[in-house]
Amino acid sequence: MLEGYVSEPSVLPWEETLGAVTALDPASGLALCSRWDDEDRLLLKSGVVPVVHTATEIRYLQPEQGLHLLRLAGERFDISTDALSLMERLLVMGSSARPRLAEMIREVSDWIRRDILPEQRERAASRVVAWADANRVGGLSGVAELRRISRYLEPLSGREEGVSSYASTIAADPEYKARRRKEVEAEDKASKAALCAAVADARLGKFDELLERYDVYRRGSYRPSREGDPDFFDEVQKAVPPGGRERYLDALVDLGDDFLTVRSLVRGVAVLALDRALDAWRGSSVAISWTTQGVGGLLRRHLPDIVTRDYNARDNLRAILSKADLVATPTSLLLPAVADHAEALDTRALYDIADVLVADLTSAKQGEVFDWSIRRVEEMVARDEGSLPELPPKQGPVGASTALAGLLWAAFGHPWKPVRWRAAHAARALLRLSTPALLRALIDLSKSKTAGAFRAEHLEFFWMSARAWLLVVLERLADERPDTVRAEIGSIIEHALNPDLPHAQIRELAKRIALRLAERDPGTLSEGMVEKLRLSNEPSECLYPRRSSYSLRLGNRLNDTDEERVGFDDMDTVPYWFTPLGRVFAQGPRVVADKAGRWIVDQWGRTSADWWNDPRELRRERLAGFFMNRQGSIPRAESLRLYLFYQSMQCVAGELVDELPMLVEEYDDECPWTHWLEEHLPTSQDFWLADLRSPTPFRQESWGYYPPIEEWLRREDPAEFEAALGIGEPGHEDEIVLDGYVEDWDRERRGTMKVMSALVSPETSTALLYALQTSDPHNFRLPYEGERLDNGASEISEPGFVLKGLITEWRRERRYLDEHDPLTRGIKGYLPQLGRNFLQVLGLSASEDLLTYSRPDGETVAHLEVWSDNPEERDYITKAFSTGERLWVRTEVLLDYLRRRDMDLVIEAQIARNVERRHGGENQIEEREYDLGKSTIYILRRDGSLETMAGRRALGTSHST
Amino acid sequence: MGHRIVRELGLKDSNDTLGRWMAHRIAQLMEMSDEAENEEDREKAQSECADLILRVWSRRSSWPYGQPMEKLAPIIKKLATEPNPYDRRAGEPEETSWSGVFPLLDEIHKRERWIHQDAALAEYPLDESKAWLEEHGDDLSDEEVNNLKYMIQMIERTHDDHFRLGDKPSPNFGVLPGEERTRLVLEALDELDAERRRLRSLAVQAEESEEADADEPATGQQEQDADADGTPASEDRGA
C-alpha cells in the first residue's frame, strides 16, 4: 500500500515485513513472498529467506523443509548461515532427532561443496565445522568433508601475495616496470616530505597548506593505502600544540569550494579526523568552545557532501552529532542545515537524515510521528480514491503442506525457467521426506489453472508450465520413491490420457511416470492400461513409402500472415517451432499455426492485444534477450506471448499425433516424433543433468590458486601433465584418470586439460609413444571403443600394431529441458564411459546415472566425476572457476584389466593455456600466439610402470627419474 | 631416427598414426640391432626390421596422401632403368623436360664413349698385336687370350669399309693418318656437343613455358577486369 506514497521504494523493509507476516500467519507469508515476486516488489529468491527463517522458528515448517525450500534462494545464496539455525533447531530436539541432524549436515555439506559460489566455500565450510565442533557433532560424515576444504585451502591461502588469481599476476613489460618503479619512488619521496612538512607546520600551529600537503601525501586517489603507512592526520594531530588546536579544527572544515575535492575530503578525511581530534581533546576548553559551533558550521556548509550518495552517511552523521562536548541537540544542528540544502538532498539522503533525527526523539514522540505518518498516507490514499489492501478472507489455519504446495506450484509456473527448476529441486527433496500430504496437495493443484494468493491476481498464471514441471519432479520421484507416488497414479493417468488437453509434453511426462510405476510394481496397473498408455502419445501409423519432406514442398513460412488473430512471427516461431513439428506429420506450418491459433484464441481467449501489453515482459525490457525463441531455441524466460505460442504448439503436437500418420523420411534413422519430443523433456529418464555434478575437486586451479601467469603459461613442469592424470591429487591416491576434459577460467586465464587413453600392443607400445610424442597433437586422437573415423581417430588392428579404444562416450547432441536448470551449471551431455569390453572382462556393471562402476559384490572400482562452477549468467569473468569431467579408475583394477587383455595403455595428457585477451594491454603483455595445446604421452605397462620419452618408472613415483 | 623416417615418408603432417607408429618401430628395431649383445638378438631385430620396412613400403601405395615421391616416380624410372640396347632412340625426345631428354643424353654419352674408345683403339698397331698374341698365346690363360682376341677384333673393326665413328660413317678409320683421325674424332664430338646443347635448350624452354603458364591470368573474368582498368588484356598478359 505504501509503495506509491514513498519517494524511494527501496527503503521499504520488504524482507522484514515478510518475516512479520510469516510470524502472524505463515501460510500468508509463503503466499506473499511468491506474490510479491510476481508483482515485481521483491524477488522470490530474496523473500524466501526471511519466510523460511520465521516459519521454521515458529515451527510451522520442519527444519528440513526449511532447508529444502531455501533452494529457491538461488545460486548466489550462501546456505551456511541459515543452515546453522536450522541445525540448531534439530540439535535442541535431543538424541531422538540426531539421525535427522546427521542427514541435514550431510545435505548442507553437499550443498556447500557443490552449489554455493566457490569464493564462499571456505568460509561457509569453516562456519559449519566450527558449529559442529562446538556442539560435539564434528564427527558426522558431512562435517569431515567440509573439514577437508579448510585443510586443503589453508596452506594455499597462506602463500605469498601474487599466487592467487585474485591478485593480478601478469608480468609487466620490463620498460614499463622500470618507469613505474621510478614514478613510485618519486611519489614515495614526495609523500614523506609532505608529511614531514605538515607535521612541522602543525608544531608551529600553521595549517594553511594542510589539505594540499595531504593531497601530495596520498599521491592521488589511485594509490591504494598500504599497511604500515602512518596515518597523515594522526601524525599531524599529535604535533598540534594546545594553542593551535582551534586552527587545526577550523582547517579540517575549511575545505574550499571545489565540489569534487570537497566531497572526497569530507567523506574520506574530514569527518574521521574531526571525530578523532574531538575525542582526543574531549573536555578541553577548545573542544567545548569549538564543537557546537564548528559542527553546526560543518553541517551548514557541507551537509549534502556528507550524506548524498554515501552508504556511510548515517554513521558519519551519527559520529559527528554524538560528540560529548556538543551543547546543542542533533535536531537543532541538523534541521537548519537541511533547510539550507533541501534542494540538494536526494531521497535517500533525506531518509538517512530522518533516521538520525528520529533517534533524537523520545519513544512517545517517535510513536506520534509514526501515527502521523500512517494517518497522512491513509488520507492521501483516500484523496486519490485508492483502496487500502483487503485482508484475504480468513480460512482458518492453512497446513504447511498446503502452503508449501501453493508456493511450489506457483514457482513451477514462474516465467523464469531457472526459478521453475529451483522449485523442482526443492520439491523433489521435500517429497522425499515422505510427506504424502504435500504430494496430495500438489496433485490437486496439478488440475488447477490458477495459483490463488501465490501469484498476482491480474497477471496470467502459466498453469500448463506448472503442470509440466510438477510432472518433471514426479518422474524423478516415481524412480526414487515409487511407493510415495503410487497412490496418485490415477490422477497422473488422467493427465496422460486427457482428451481435453492433448499437450504432448505433459502427456508424455505423465505416461512415463505411470509406466515407470507399473514397471516397478507390475500389479499397479492392468495389462490393458499399460498397453493403452504405451500406445498413447505415439503415432499410430507411418506414411508409406518413405519420402522426403522436401519433395512435399511444405515450406517454412506462412504465406499469409494472420496478424489480427494471432500474429505468429515468421522469424522464429513459424520456421523453427511450427515447421519442424508439421514436418513430422507431413504438414506445412500453416496447419500447425491454424490449430495453434484455435487453441490460443478460441480455447484460451487470448489475442495479440494481451501479450503486447504483457506487464511482465514490459517491465523486463532490459532482459529482452531471455524472452526470445531465436532460431527455435527454448527461451530461458517466458513472456505471455511465448508461453501461449509454446503451449499451443504442444497441444497441436498432441492433436497431430492422435490424428495423422507420421512421415519417416528416407534418411531418418530414428523416430521423427521421438526426436521432436525429446527436446521438450529432461535429458534422461534416469536422472537430471544436475544430478551428475560432483563437488569441486581438490585441484588448485579449481579453487583459484595459480602460479604467476608467465610460469603457468609455460607449462613445462612434467608434474603438471601428471596432475592431469590425477596423480598425486588428494583423495585419489589409488586412482588414475582414464579420460577427461577440464576447463580452468579466471579473469586473465583460459586453460584446458584433456586426457584420452587406449589399449596398445605391448611389444610396439614404446614405438607408439615416440610416434605420438613427436607428432603435432592435433594430427591424432586416441580412439574410442569401436571408433572408425577418417580423421585419424580410429582403432588399429594390424599384426604387431594394435590400438583399441576402451572408453565410449555418452553423447546428447541436442538441448533438453535441463538446459535452463541453474544447477546444471552449463554441463553438457558429452561424458566418457567405460567401454563394453572393460565391463565384460571384469564383470562390472554401470549405474544408470553413469556415475559409478561396480563389481558384483557392490564394490565401486571406477567413477565419473563431473563438476562445474560456471556461474553462467555473467557478462565477464571476475572470479576463478573450473568445469570438468574425469573418469577415474582404481589403478589395481586397471592393471588387472590390462593383464587380462595382455595389452598396455597409452595415455595422452594435453594442456592448452592462453591469456584472456582483454588483459593484454600494450604495456602489460605482448601479443601471444594462441596456444592450441601441448601433449605428453604415457605408456602404462601391465606391471604398473609408467613410461614417457624421459624414461620409465613405477606409477606414482617422481617424474624426474 | 624415427622422426626422420616419418619426415622422409611424408607423414609429418598427416594423421596416419599407423604409418608413424611403424616408422618409429623401424627406428627402434635398428637401434636394437645396433645394440644387440648377441648375434641371435641382432638377427631377430634385423629380420623384424626388414619385414617391417617391406610392410611400410607396401602400405605406401595405399596411403591416402603424404607421398612426396609420387611425382618423382616416372623420373626415377627414366633415370634408373637400364636402356634397352635394341631400343634405338629417335632424334626427338618423347617429352621435352629434363627427365624427358635424359634418355637421349644418355645415348649421346654412350656414343661419345664409343668415339673415345674407337679413337684409342685405332692408334693401336694391329699387326703387332696379332704377332704378339701368336708368339705368346700359349703362355697366357684362356681368359687373357680371349680378352686379347676381343681387343684385336675391335681394332680390326676400325679398319672396316663400313666403320661408323659415333653415328657417322668413317670408312677405314683405323688406317687413316693420325691427323685425319683426330679431325674426324673432333668433328664427331662437336656434333655430339651440338646435339647435347640442343636437348638442353629443349628442356629449358619447356620449363620456362610452364612458368609462363602459371603467371598468366587464370579466368576470363580476370581478362575482363584488366580490360575494365583500361589496360588491353593482351598487353596485360604479355606483361
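Predicted model: local features only at pLDDT ≥ 70, side-chain atom pairs only at ≥ 80, totals over all residues.
## Helix α7 of chain A

Helix α7 of chain A is followed by A:R136, a residue whose phi is positive, near 55°. Residues are numbered from 1 along each chain as its sequence is written, chains are lettered from A and ligands numbered from 1 in the order in which they are written, and side-chain values use heavy atoms, with hydrogens and water left out.

Helix α7 of chain A covers residues 118-134, and its 17 residues should span 24 Å at 1.5 Å a residue; the end C-alpha atoms are 25 Å apart, which agrees. The expected span is 1.5 Å times one less than the number of residues in the helix. The buried residues of α7(A) are A:P118, A:Q120, A:R121, A:A124, A:A125, A:V128, A:V129, A:W131 and A:A132. Here, buried means under 20% relative accessible area, exposed means over 50%, and partly exposed lies in between (1.4 Å probe, protein chains only). These buried residues pack against three helices of chain A, namely α5 (79-91), α6 (98-114) and α8 (141-157). Contact, the basis of such packing, means heavy atoms within 4.5 Å.

## A buried arginine in chain A

A:R886 has its place in strand β10 (residues 881-890) of chain A. Is this residue buried or exposed? A:R886 is buried, because its relative accessible area is 1%.

The side chain of A:R886 makes a polar contact with the side chain of A:E729, at 2.6 Å. A polar contact is a pair of N or O atoms within 3.5 Å; within protein, one must be able to donate a hydrogen and the other to accept it, and residues adjacent in sequence count only if both atoms are side-chain atoms. When neighbours within four places in sequence are left aside, the residues in contact with A:R886 include A:P697, A:R699, A:V737, A:D739, A:H863 and A:W867.

## Salt bridges

A salt bridge is a side-chain nitrogen of Lys or Arg within 4 Å of a carboxyl oxygen of Asp or Glu. How many salt bridges does this rule find over all chains? The count comes to 87. One of them joins A:E538 to A:K511, with the closest N and O atoms 3.0 Å apart. This pair links distant parts of the chain, 27 residues apart: A:E538 is in the loop between α26 (527-535) and α27 (549-552), and A:K511 is in helix α25 (residues 504-520). A:E538 is partly exposed at 28% relative accessible area, whereas A:K511 counts as buried at 5% relative accessibility.

In chain B, the side chains of B:E180 and B:R183 meet in a salt bridge (2.6 Å, N to O). Both residues lie in helix α8 (residues 178-215) of chain B, three residues apart, about one turn of the helix. B:E180 is partly exposed, with a relative accessible area of 29%, and B:R183 is partly exposed, with 38%. In chain A, a network of salt bridges links A:R428, A:R432, A:R476, A:D479, A:E480, A:R516, A:R520, A:D686 and A:D691.

## Chain B as a whole

Chain B has 10 helices and two strands. Along the sequence, its elements follow the pattern α-α-α-α-α-α-α-β-β-α-α-α. Of its 239 residues, 30% count as buried. Among contacts in chain B between residues at least 6 apart in sequence, 50% join residues at least 24 apart.

## The interface between the chains

The size of an interface is often given as the accessible area lost when the parts come together. Chain B and chain A bury about 1600 Å² between them, 62% of it on carbon and sulfur atoms. This buried area is the accessible area (1.4 Å probe) that two parts lose on being put together, summed over both. The contact takes 15 residues from chain B and 23 residues from chain A.

Across this interface the rule finds one salt bridge. A:E798 forms a salt bridge with B:R55, the closest N and O atoms being 3.6 Å apart. On the side of chain B that touches chain A, the elements giving two or more residues are α2 (17-35) and α3 (39-60) of chain B. α2(B) gives the most, with eight residues.

Methods. Helix = DSSP H or I, 4+ residues; strand = E, 2+ residues; numbered from the N terminus.
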